[in-house]
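Dear colleague,

I am handing over the structure below, together with some notes on what turned up in it.

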Amino acid sequence: MTDNIIIRVQSPDGMKKIPSTKRETAAAFLKKVAKEFGFNTNGFSVYQNRNKTGEIISQNKSLGLLKIKHGDMLFLFPSGAPSSSGEVMDTTTPHSSSSVPSISSPSSSSLIPRSVSSPQVQEDEIDQYLAKQDGKIYRNKDPQLCHHGALGKCVHCVPLEPFDEDYLNHLDPPVKHMSFHAYLRKLTGGADKGKFAALENISCKIKAGCEGHPPWPEGICTKCQPSAITLNRQKYRHVDNIMFENHTIADRFLDFWRKTGNQRMGYLYGRYTEHKDIPLGIRAEVAAIYEPPQNATQNSLELIDDPKAAAVDEIAAKLGLCKVGWIFTDLLSEDMRIGTVCYNRNKDSHYLSAEECITAGYFQNLHSNPCRLSRDGYFGSKFVTVVATGGPDNQVHFEGYQVSNQCMALVRDECLLPCKDAPELGFAKESSPEQYVPDVFYKDTDKFGNDVTFLARPLPVEYLIIDITTTFPKDPQYTFSSAQRFPIENRDILGETQNFHSLSTYLSQCTSTAFLGIVSDFHLLLFLVTNEVMPLRDSIGLLLDAVRTSNEDLAQTWKKFEEWATIEQLCSTVGGQPSSSLGYEAMGGPSVPSSSSAMWSCLHCTFMNQPGTEHCEMCSLPRS
């Protein structure tokens, strides 16, 4: 028994204790080390000293002959590891025999070197751009307080860091949340330049692979149990401003509510750009709104599976756009004569309901933000939420929000529920035999002014919300420059359908002499790609490039393709007279015949159609 010894082995991932004997050979001991740390036999080296001297080589000499005693510390370095041990070793924290590698421990995220924790991640273009910027806030020389030369700097004019809270609080209006890249600069600042900075995604699930006890609900331990969550108001936000390119985008979206009184939902397509009003800020610019299939009433919205969702994302990507958020209406008319709406969302009720927060968290989890400082390759989300609702002046206002990363984690792991009778309150689920839910807390001030911790059952959703300013530019911008309006998709309830009849009417009303000005409409391009009669998904790439780059020559080149000639031929046989002789027909577009007065059989599907129609009700193809 006296030959039994325990040897400590320190690695970049932590320390472990290896049981051995004095008579055990070095080769057998190294096999134990490899098995314990998950290396192959030649993927590491073990040394007796921290400076990589006294290497233990796989040989038949016993540990006693190598003068290795009970309790000795050995140092393991993976093959190809940095030569400086200070960059990869943590020597200040003692470990126990139950220690696990720090790469899998959420509590040690701030100590993980970037080279170990961060995979190779392709970040968004705006993130790559802002990462290269200086970001400092430069100030001019104060004529009263600065008494130095022109090239000097003092405390009154030295550049400020982008995360300086005093500067953000003194802006007009004050900025409550620093930008995400300013937060990254705060993490990666200091003497180590962020060498050990890492962002950890919160997990509310039991860690898999714990074999020391039966699975939940029969057993749980401190290794696999998720930590309790104390909700804090997030100090940063991933998007600092939302801007609609022009009022037409929002007005066309609101037309559905104006005509039906029912609520409406849509996806925002646009791009992320630099927001220069906030240091290292990001702006979501909205260029178009796509309205998916949905069932709507005055008080509810229900989304339906959209078979065209992948095609819409593909078209948007080829146009240089991406899905940046979602928008929904919550409008109730107050006085229809003067066009006012009720002001329902305020500090006395709620800004976002718990159900809306859960939906926003769901969408944000679907559109996570690529991040190089997270070992998962993603952290947070740039996906925004916009609500069209009544403001204090009883006019329609657009309010922007995101939910916090803590809310995203609670939604992802199905730990958050809405309250039925109180929309402003959420409810953290309780643990059940099917699911373990960690305790969720929030802090508030009681009537005596003391900070008190409460269990999040129920939970005020204000702890989960981050507000974002939503604006319209003084000078409107137009990614899609068509002056006419092609019908918006999925509005059949209004009698606005996308078919070749509506396309013929649209083309006949266009007065532009430039072909690019006619086809530069997001909803028209979607119809050309997704219609069932003649989809152009494989042949429309050149036209999308023309719209993206505003290149009339490319558009004219595509116009000469046989696909467009076929579309013109289909439109020329669809009912409806052109409203202007100076429109598309004057450019060589299709003319339209008059309708008949007898039932007729479709030449394509043999369906018997009612008189007075010039396109088949079954297949939408023209009569002749």
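How many bridges join β8 to strand β10 (residues 281-290), and in which sense do the two run? Before the reply, please bear in mind that this is a predicted model. Four bridges join β8 to β10, and the two strands run parallel; within that pairing, Ile242 has Ala284 of β10 as its bridge partner. Strand β8 also pairs with strand β25 (residues 465-471), again in the parallel sense and through three bridges, and here the bridge partner of Asn241 is Thr469 in β25. Strands of a sheet pair through backbone hydrogen bonds, either parallel or antiparallel. As for the side chains of β8 (residues 241-244), Asn241 and Met243 point one way while Ile242 and Phe244 point the other way, and all of them are buried.

Of the contacts between residues at least 6 apart in sequence, 64% join residues that are at least 24 apart.

Strand β1 (residues 4-11) pairs with strand β4 (residues 73-78) in the parallel sense over three bridges, and Arg8 has Met73 in β4 as its bridge partner.

Because its relative accessible area is 2%, against a limit of 20% for burial, Ile18 counts as buried. Leaving aside residues up to four places away in sequence, Ile18 touches Ile5, Ile6, Ile7, Val9, Phe29, Lys32, Val33 and Glu36. One of these, Ile7, is eleven residues from Ile18 in sequence, and the C-alpha atoms of the two are 5.3 Å apart in space.

The aromatic residues deserve a separate look. A search of the whole structure finds 23 aromatic pairs, and in one of them the ring centres of Tyr183 and Tyr236 are 4.2 Å apart with their planes at 20 degrees, so this pair is stacked. Tyr183 belongs to helix α6 (residues 180-187) and Tyr236 to strand β7 (residues 236-237), so the pair ties together parts that are 53 residues apart in sequence. Tyr183 is partly exposed, with a relative accessible area of 21%, whereas Tyr236 is buried at 8%.

Trp326 and Phe363 form a tilted aromatic pair, at 5.1 Å centre to centre and with 55 degrees between the planes. This pair links distant parts of the chain, with Trp326 in strand β13 (residues 322-330) and Phe363 in helix α9 (residues 354-366), 37 residues apart. Trp326 is buried, with a relative accessible area of 6%, and Phe363 is likewise counted as buried, at 4%. Both also belong to a cluster in which ring pairs link Tyr267, Trp326, Phe328, Tyr362, Phe363 and Phe383.

Finally, please look at Asn531, in the loop between α13 (522-530) and α14 (541-549). Asn531 counts as buried, with a relative accessibility of 7%. The side chain of Asn531 reaches the backbone oxygen of Leu528 at 3.1 Å, and the side chain of Asn531 also reaches the backbone nitrogen of Val533 at 3.2 Å.

Methods
Residues are numbered from 1 along each chain as its sequence is written. This is a predicted model: local features need pLDDT of at least 70, side-chain atom pairs count only at pLDDT 80 or more; totals for chains, interfaces and linings use all residues. Side-chain values use heavy atoms; hydrogens and water are left out. Buried means under 20% relative accessible area, exposed over 50%, partly exposed in between (1.4 Å probe, protein chains only). Contact means heavy atoms within 4.5 Å. Two strands pair if DSSP finds at least two bridges between them. A polar contact is a pair of N or O atoms within 3.5 Å; within protein, one must be able to donate a hydrogen and the other to accept it, and residues adjacent in sequence count only if both atoms are side-chain atoms. Rings of Phe, Tyr and Trp (its six-membered ring) pair if their centres lie within 6.5 Å; planes under 30 degrees apart count as stacked, over 60 as edge-to-face and the rest as tilted.
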